[in-house]
Each structure stands twice: as structure tokens, then as C-alpha cells.
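Q: Can we go through this structure feature by feature? Please give me the general idea, then the case at hand.

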Amino acid sequence: MISNTNATYIPKIKIHYYESPALEQKDGSDWIDTYIAEDVSMQPGEFKLISLGFACQLPDGYEAILAPRSSTFKRYGLLQANSIGVIDNSFASDSDIWMFPAYATRPVTLSKGIRICQFRIQQKQPTLHFTPVKHLSASERGGFGSSGF
């Protein structure tokens, strides 16, 4: 634990590159782009785990959230099959290569090195404790989906 509250802890992440360019965090962004490590061709309805070409060891107490880039569907017609991916720090050996689980909605051919998804590192959620009650004290806000109008 850091005793100086003004200090910023910067996690060091060990990374083993196979077929990926060096990853970097661009100024002003919380997300790190990843690149596909292979040429890929897919047909509509096809699922494929696309290699991102690296394995890494996250520090204890941290996890990664993997999500498609905002342009991935528009450009390539690909959906991330599990919506987002959560990668915990136990996924950390040389053989734990990060993958993008892709589902194709149209024919697509991608060249090695294309940016397809992104990730961010965050601290794991603390242990939560749930307290059963008969009623909640907050005001009703209108039900599921009510804030979208």
C-alpha cells in the first residue's frame, strides 16, 4: 500500500510479444489498442478466436477489460462474441495468448496488424457484501429503460 496519498502507483506489466507490434498507451487515452497477429478471412455466421499476438502478466489485484474498437463493426462487420472480455491476473503464462473472439456478420478479410480491439487495466473490485432488506429507500425512477427518453 502507498502511504503518500498524492503518489501515483503505475503498475508494471510483463509482456511477451509473439506477433504483435509493441503496445503503447497514447496520451490522453485510458485504452490501449491491440493488433491482430494473423491474416484472417471469415464468412457470415463464422466464429473465430483471432490472436492478438501477445501474452502478459498483470500485477496482483488488477484485471483487464477487452472490448472492440468503436470502428470494428462498421469497418469489418465483426462483433466481439462475448461482448467484452475480462482477463484476470491468473491468465499470465507464455501460452495465455490474448485473443479476440470474433463473430462475422458479413464476408471479411483482414490483414495482420489491423487494430481490432482495445483494453484497459483496472483494479479488481473489492469483496462486496449484500444485505437483504424488505424495501429499498430510493425513489422510483420509472423502470428499466426509462432514462433513455
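A: Start with strand pairing. This is a predicted model. Strand β6 (residues 62-68) and β8 run antiparallel, and four bridges join them.

Q: Which residue of β8 stands opposite Ala64?

A: Ile87 does.

Q: Where do the side chains of strand β8 (residues 85-88) point?

A: In a regular strand, side chains alternate between the two faces of the sheet. Here, Gly85 and Ile87 point to one face and are buried.

Q: Now the core. Which residues of the largest nonpolar core touch the most other members?

A: Leu78, Trp98, Leu110 and Ile116, out of 26 residues in that core. Elements giving two or more residues to this core are β2 (32-35), β3 (40-42), β5, β6, β9 (99-104), β10 (108-110) and β11.

Q: What is Trp98 in contact with, leaving aside neighbours within four places in sequence?

A: Its partners include the run Ile50, Ser51, Leu52, Gly53, Phe54, Ala55 and Cys56. Ala64 and Ile87, the pair that stand opposite each other, are also among the contacts of Trp98.

Q: What is the volume of the largest pocket, and which residues are closest to its centre?

A: The volume is about 400 Å³. Of 18 lining residues, Ile13, Gln25, Ile32, Phe119 and Ile121 are the closest to the centre.

Q: Which strand gives the most to that lining?

A: β11, with five residues. β1 (14-17), β5 (54-57) and β11 (115-123) each supply at least two.

Q: How does the lining divide by class?

A: Twelve residues are nonpolar, three polar and three charged.

Terms used:
Residues numbered from 1 in each chain as written. Predicted model: local features only at pLDDT ≥ 70, side-chain atom pairs only at ≥ 80, totals over all residues. Heavy atoms only, no water. 1 Å grid on protein atoms, 1.4 Å probe; cavity = no way out; pocket = protein on both sides within 12 Å on 5 of 7 lines; lining within 4 Å. Points joined across faces, edges and corners; volume = space filled by probe spheres on them. Nonpolar A, V, L, I, M, F, W, Y, C, P; charged D, E, K, R; others polar. Buried < 20%, exposed > 50% of the residue type's maximum accessible area, 1.4 Å probe, protein only. Pairing = 2+ DSSP bridges. Core = buried A, V, L, I, M, F, W, Y, C linked by side-chain atoms within 4.5 Å. Contact = heavy atoms within 4.5 Å.
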